[in-house]
Amino acid sequence: MTAPHAAVTLDTLLVRSPHAMHQTVGSEAVLLDLGSEAYFGLNALALRVWEALDGVTPLKNLVETFAPEYDVDPARLAEDILSLADQLLDEGLALAASSP
């Protein structure tokens, strides 16, 4: 686990850690933290979020994009994405990015 991070909001920009690798298995994926050698599973939506962590796209854009695709309430999706972002940051699998 890494040091505490700033609060994650829908305006947060994240980038995938260079110390994390992923392998897609069907519509899901497994992440490997190269430092700790711990594995983490991602469902289909979490994989889409992971792949979108490019350092320039705020999390709110992911909510706007994925809510209609998955036919889910945007408020619920926002909670899920924020929770995932917190977990990825806590585990060092994602990093906060500077504003472009």
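Contact here means heavy atoms within 4.5 Å, and with that in hand we can see how α1 and α2 meet. This is a predicted model, where local features need pLDDT of at least 70 and side-chain atom pairs count only at pLDDT 80 or more, while totals for chains, interfaces and linings use all residues. Residues are numbered from 1 along each chain as its sequence is written, and side-chain values use heavy atoms, with hydrogens and water left out. Helices (H or I, at least four residues) and strands (E, at least two) are DSSP runs, numbered from the N terminus.

**The β5-β1-β6 sheet**

- Let's start with an open sheet of 3 strands in the order β5-β1-β6, paired antiparallel; two strands pair if DSSP finds at least two bridges between them.
- β5 (54-58) and β6 (94-96) are the edge strands, and each has a single partner, so one side of each has no neighbour in the sheet.
- On average, neighbouring strands in this sheet are turned by 35 degrees against each other, direction ignored. For angles like this, axes are lines fitted to C-alpha atoms (for helices over the stretch in contact), and values run from 0 to 180 degrees between N-to-C directions.
- β1 (residues 13-16) pairs with β5 over 2 bridges in the antiparallel sense, and L13 has P58 in β5 as its bridge partner.
- Helix α3 (residues 74-90) packs on this sheet, where it touches β1 and β6, and its direction makes about 100 degrees with that of β6.
- β1 and β6 also run antiparallel, joined by 3 bridges; look for L14, whose bridge partner in β6 is A96.

**The β2-β3-β4 sheet**

- Another open sheet of 3 strands goes β2-β3-β4, again with antiparallel pairing.
- Here β2 (20-25) and β4 (39-42) sit at the edges with a single partner strand each, so one side of each is left without a neighbour in the sheet.
- Neighbouring strands of this sheet are turned by 25 degrees against each other on average, direction ignored.
- β3 (residues 28-33) and β4 pair antiparallel over 4 bridges, and A29 has L42 in β4 as its bridge partner.
- Helix α1 lies across β2, β3 and β4, and runs at about 140 degrees to β2.

**How the helices pack**

- The axes of α1 (residues 44-52) and α2 come within 12 Å and cross at roughly 150 degrees. That makes α1 roughly antiparallel to α2 (under 35 degrees counts as roughly parallel, over 145 as roughly antiparallel, 65 to 115 as roughly perpendicular and the rest as oblique).
- On the α1 side, A44, L45, R48, V49 and A52 meet L62, F66, E69 and Y70 of α2.
- By class, that contact has 7 nonpolar, no polar and 2 charged residues. Ala, Val, Leu, Ile, Met, Phe, Trp, Tyr, Cys and Pro count as nonpolar, Asp, Glu, Lys and Arg as charged, and the others, Gly among them, as polar.
- For α2 and α3, the axes come within 9 Å and cross at roughly 135 degrees, which makes α2 oblique to α3.
- L59, L62, V63, F66 and A67 in α2 meet P74, L77, A78, I81, L82 and A85 in α3, a contact with 11 nonpolar, no polar and no charged residues.

**A look at T65**

- T65 has its place in helix α2 (residues 59-70).
- At 39% relative accessibility, T65 counts as partly exposed (buried is under 20% relative accessible area, exposed over 50%, partly exposed in between, with a 1.4 Å probe and protein chains only).
- T65 and S27 are 38 residues apart along the chain, and their C-alpha atoms are separated by 18 Å.
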